[in-house]
Amino acid sequence: MPASTPAHSECLANYVGGAFDSSGNTFTNLSPVDGSVVNRVCEADAAVVNRAVAAARAALAGDWGAMGDNERSALLHKVADGIERRFDDFVQAEMADTGKSLWQARTIDIPRGAANFRVFADLARQRASECFHTTTADGRQALNYAINKPLGVVAVIAPWNLPLLLLTWKLAPALAVGNAVIAKPSEDTPSSATLLAEVMHEAGMPPGAFNLVHGFGPDSAGELLSRHPDIDAVTFTGESRTGSAIMRAAADNVKALSFELGGKNAALVFEDADFDAAVEGTAKSVFTNGGQVCLCTERVYVQRPIFDRFVAALKGRAEALRIDWPDSPDTDMGPLISHEHRDKVLAYYQLARTEGGTIVTGGGAPHFGDARDSGAWVQPTIVTGLAEQSRCVTEEVFGPFCHIAPFDTEEEAIALANASDYGLAGTVWTTNLQRGHRVAQRIHAGIVWVNTWYLRDLRTPFGGVKLSGIGREGGQHSLNFYAEPTNICIQL
Ligand code: NAD
Ligand code: 6OD
């Protein structure tokens, strides 16, 4: 297949060693909007994965490995330019695979895809290195300085919820410090990654520096990458259970691992909060992307004096959400990613009932009377009255779902937020500045927002504690993971 084969040709191809490769089996990518076929995708088998690893290794020994910081940085800016030039193609690809709204793809997913390349291209070029002037016991002097080398060949395994955003969040820093990468997008969202391969090709990325393999997890491309003896690091975003499987597979070669995993995030709404802002912000944090953002709130704790009013107001917001075709300009929420995921989320809605909860709103699937009835849609759902130990309050649902419970004291609110196996994000709503700082600092999570949600500065540490991940990404934290420092000690 010629290198310029478009992403939406008959079958989305793998991209290996600077050329598109459509050998092997194919699988079907279905639209969650109406169940129709979006495209067919070439599944990378062991031979394709091996070729990708060999191409990456060769790139490190060749033009890519020899490239200087400034040239690499300029190339990554060209990739960002390429994403922006084909902005509408990326938006369409993301909407077709996920059913997310045009508005969200245009304002969050695709701009962040380009921004990830620009930010890390600049940070890597401007990076300082450590240097110590050392006095030794005999009174002589030594100079210690560190140089940062790429880790080598890095596998990037990405999820389906923010496909381009989360893939490039890892690809960009890995490439910026000179690694050769093999990207594996989710089997549910192969299209924007294939467009990215075209953009990489057009930008003049040296063959093998960026490779793309399509496929599934177990017994497929994901596992082949995690086990591959010639891959130095795996950086993964997805379910906590998958993180454990990758950890086991990568153990034999003691690969470096960076994991961004699941969440069961709490929002604490104090009676002194700006009520309307807290309702609006909580609605956003529960229902954005159909609740399919790892940072979404699934546990809302509200101080008792405003509990009933808050539940009623959030119910009103949930019922006002426009659930519609992704390309309609007013759509707030599209379908879930797949029929399989819809069944999982609907099973939690049912479980909420059997666990003794009260369904405040939603609790099922909408009926449209058109092609969407063959899609993967669910209703935004709010539940009250569940026990803190119930499965709906402890397990990640990853849908437009939250449980709301009352609390009385600040101490109790903090304890409730922290009573989770996960620790990714938290949100505090209060107009008391001291309380905002005090509570945020005591929440066991990688990020805590006060009076906002999903406000991002790409230089800050991002990641989770407990089941929510290993390590931090963002700014220098990403560069630190993707590079290996060597200390050089010179006796003066
Ligand atoms: P997933 O774990 O099912 O899949 C993610 C990726 O891993 C896919 O590319 C998949 O093919 C691959 N994979 C699956 N099994 C594998 C295996 N055994 N070996 C190697 N690769 C394998 O996750 P998902 O359903 O795509 O995404 C949703 C989950 O991701 C949620 O739990 C969500 O919280 C989490 N997530 C976390 C973050 C974060 O930053 N912490 C961000 C986004 C999503
Ligand atoms: O914004 C980011 O950088 C990021 N990693 C978001 C993760 C979202 C999870 O679904």
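**Exercise 1.** In this predicted model, determine which residue of E20 is the bridge partner of alanine 425, and describe how the two strands are joined.

*Solution.* Step 1. Alanine 425 has isoleucine 447 as its bridge partner in E20.
Step 1. Between E19 and E20 the chain passes through helix H15, residues 433–442. This β-α-β crossover is right-handed.

**Exercise 2.** State which residues of strand E20 belong to the covered face and which to the uncovered one.

*Solution.* Step 1. The general principle is that side chains in a regular strand alternate between the two faces of the sheet.
Step 1. In E20, residues 447–450, the covered face holds Ile447 and Trp449. The uncovered face holds Val448 and Val450.

**Exercise 3.** Identify what surrounds ligand 2, and state how much of its area the protein buries.

*Solution.* Step 1. The residues around ligand 2 include Arg112, Asn161, Trp169, Glu260, Cys294, Tyr454 and Phe462.
Step 1. Sorted by class, this shell contains 8 nonpolar, 1 polar and 3 charged residues.
Step 2. Consider next the polar side-chain atoms. One of arginine 112 lies 2.8 Å from an oxygen atom of ligand 2. One of asparagine 161 lies 2.7 Å from an oxygen atom of the ligand. For tryptophan 169, an N or O atom of the side chain is 3.4 Å from a nitrogen atom of ligand 2.
Step 3. Ligand 2 taken alone exposes 300 Å², of which the protein buries 99%.

Note on methods: Residues are numbered from 1 along each chain as its sequence is written. Chains are lettered from A and ligands numbered from 1 in the order in which they are written. This is a predicted model: local features need pLDDT of at least 70, side-chain atom pairs count only at pLDDT 80 or more; totals for chains, interfaces and linings use all residues. Side-chain values use heavy atoms; hydrogens and water are left out. Buried means under 20% relative accessible area, exposed over 50%, partly exposed in between (1.4 Å probe, protein chains only). Helices (H or I, at least four residues) and strands (E, at least two) are DSSP runs, numbered from the N terminus. Two strands pair if DSSP finds at least two bridges between them. A crossover is right-handed if, with the strands pointing away from the viewer, the path from the first strand over the helix to the second runs clockwise. A residue is near a molecule or strand if one of its heavy atoms lies within 4 Å of it. A polar contact is a pair of N or O atoms within 3.5 Å; within protein, one must be able to donate a hydrogen and the other to accept it, and residues adjacent in sequence count only if both atoms are side-chain atoms. Accessible areas come from the Shrake-Rupley method with a 1.4 Å probe; for residues, only the protein chains shown count as cover. Ala, Val, Leu, Ile, Met, Phe, Trp, Tyr, Cys and Pro count as nonpolar, Asp, Glu, Lys and Arg as charged, and the others, Gly among them, as polar.
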